[in-house]
Amino acid sequence: MPSSRSLILAGAAALALPLLAACGGDTDAKDGAAKIAITATDTTCDVAKADLPAGKATFAVTNKGDQTTEVYVYGEHDGAYTKVVGEVENIGPSTSRDLQVDLSGGTYEIACKPGQRGDGIRSKLTVAGGTKSDEDKKDEAAYDREVEVEASDFALEGLKGFTAKAGEKIEFKLENKGKTEHELEVFGPDGTEVGEVAPVKPDATGEAVLTLAKPGTYTFKCGIGGHADQGMKGTFTVR
Ligand SMILES: [Cu+2]
């Protein structure tokens with residue numbers, strides 16, 4: 001796997017060099033760093049560079065697949081690449097979107113997610129050098145990790161066995177696979193609402209970043225109609 005990846009990268013670099021020379025630096029971003037191309041299809045995710053210097057980086061994502069895609073940059077969290085550093089969503093077929101991130105030294109994973117679901121097609125990114133200011137870190141930590149919840153008529157799945165640490169900021173991503181609107185309301189151990197993913201139409205996705213401040217048993221449900229009583233509810237634990 002690593003060797004075929006290197007071959008792909010070498011091929012991309014060989015193609016990119018004459019193009020860059022011909023455009024005379026057209027692709028340079030404002031801070032002087034060139035954009036890094038990510039070419040996504042329904043089955044591949046080619047990142048033009050696997051090594052970057054610390055600082056701001058702009059990825060130019062082009063979707064050559066048939067499915068709408070999204071691209072995430074993940075940092076390490078408890079030994080796994082689950083911490084969302086940046087993301088760009090809703091990149092339709094034959095369209096391009098930029099993703100800007102501010103990276104400190106370390107290793108990361110880039111994930112293209114054809115169909116905007118799952119763990120995605122991942123590749124490693126190594127960032128050399130500097131750590132960032134506390135201010136930058138605060139901006140970057142928009143949330144610690146995400147959890148995907150699938151709504152159907154009438155169930156909410158994905159939170160079985162989900163646990164979090166008190167104080168964690170979690171992005172709840174609700175994917176509606178049903179034929180009617182659904183939402184996701186989350187309540188803390190004392191029964192007060194922590195927040196919600198607002199109603200999502202069929203075949204659409206919505207998200208909300210919620211801070212799970214207190215330890216205890218949280219409850220969640222779809223608050224639309226009688227959906228909770230039909231099975232769209234459950235609990236998870238924050239320690
Ligand atoms: Cu519902």
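Predicted model: local features only at pLDDT ≥ 70, side-chain atom pairs only at ≥ 80, totals over all residues.
Colleague: What makes residues count as protein donors of the copper ion, and which ones are they?

Modeller: A donor is an N, O or S atom within 2.8 Å of this metal. H182 (ND1), C222 (SG) and H227 (ND1) lie 1.9 to 2.2 Å from the copper ion, so they meet that cut-off. Along the chain, their spacing is H-x39-C-x4-H. H182 sits in strand β14 (residues 182–187) and C222 in the loop between β17 (216–221) and β18 (233–238), so this pair ties together parts that are 40 residues apart in sequence.

Colleague: Why is H182 called buried?

Modeller: Its relative accessibility is 0%, and the limit is under 20%, so H182 counts as buried. C222 has a relative accessible area of 1%, so C222 is buried as well.

Colleague: How do you know that C45 and C112 form a disulfide?

Modeller: The sulfur atoms must be within 2.5 Å, and here S to S is 2.0 Å, so the pair qualifies as a disulfide. C45 is in strand β2 (residues 45–47) and C112 in strand β8 (residues 106–112), 67 residues apart, so the pair links distant parts of the chain. Both C45 and C112 are buried. A search of the whole structure finds one disulfide.

Colleague: Why is that disulfide called right-handed?

Modeller: The torsion about the S-S bond of C45 and C112 is about 55°, so the disulfide is right-handed.

Colleague: What makes a group of residues a nonpolar core, and which residues touch the most other members of the largest one?

Modeller: The members must be buried residues of listed kinds, such as Leu and Phe, joined through side-chain atoms within 4.5 Å. The largest core has 23 residues, and L156, F162, F172, L184, L212 and F236 touch the most other members. Strands that each supply at least two residues of this core include β10 (145–152), β13 (168–176) and β14. Beyond its neighbours within four places in sequence, F236 is in contact with residues including L159, F162, F172 and L212. A second, separate core of 22 residues includes I38, V85, V101 and Y108.

Methods: Residues numbered from 1 in each chain as written. Heavy atoms only, no water. Donors = N, O, S within 2.8 Å, 3.2 Å for Na, K, Ca; no water. Helix = DSSP H or I, 4+ residues; strand = E, 2+ residues; numbered from the N terminus. Buried < 20%, exposed > 50% of the residue type's maximum accessible area, 1.4 Å probe, protein only. Contact = heavy atoms within 4.5 Å.
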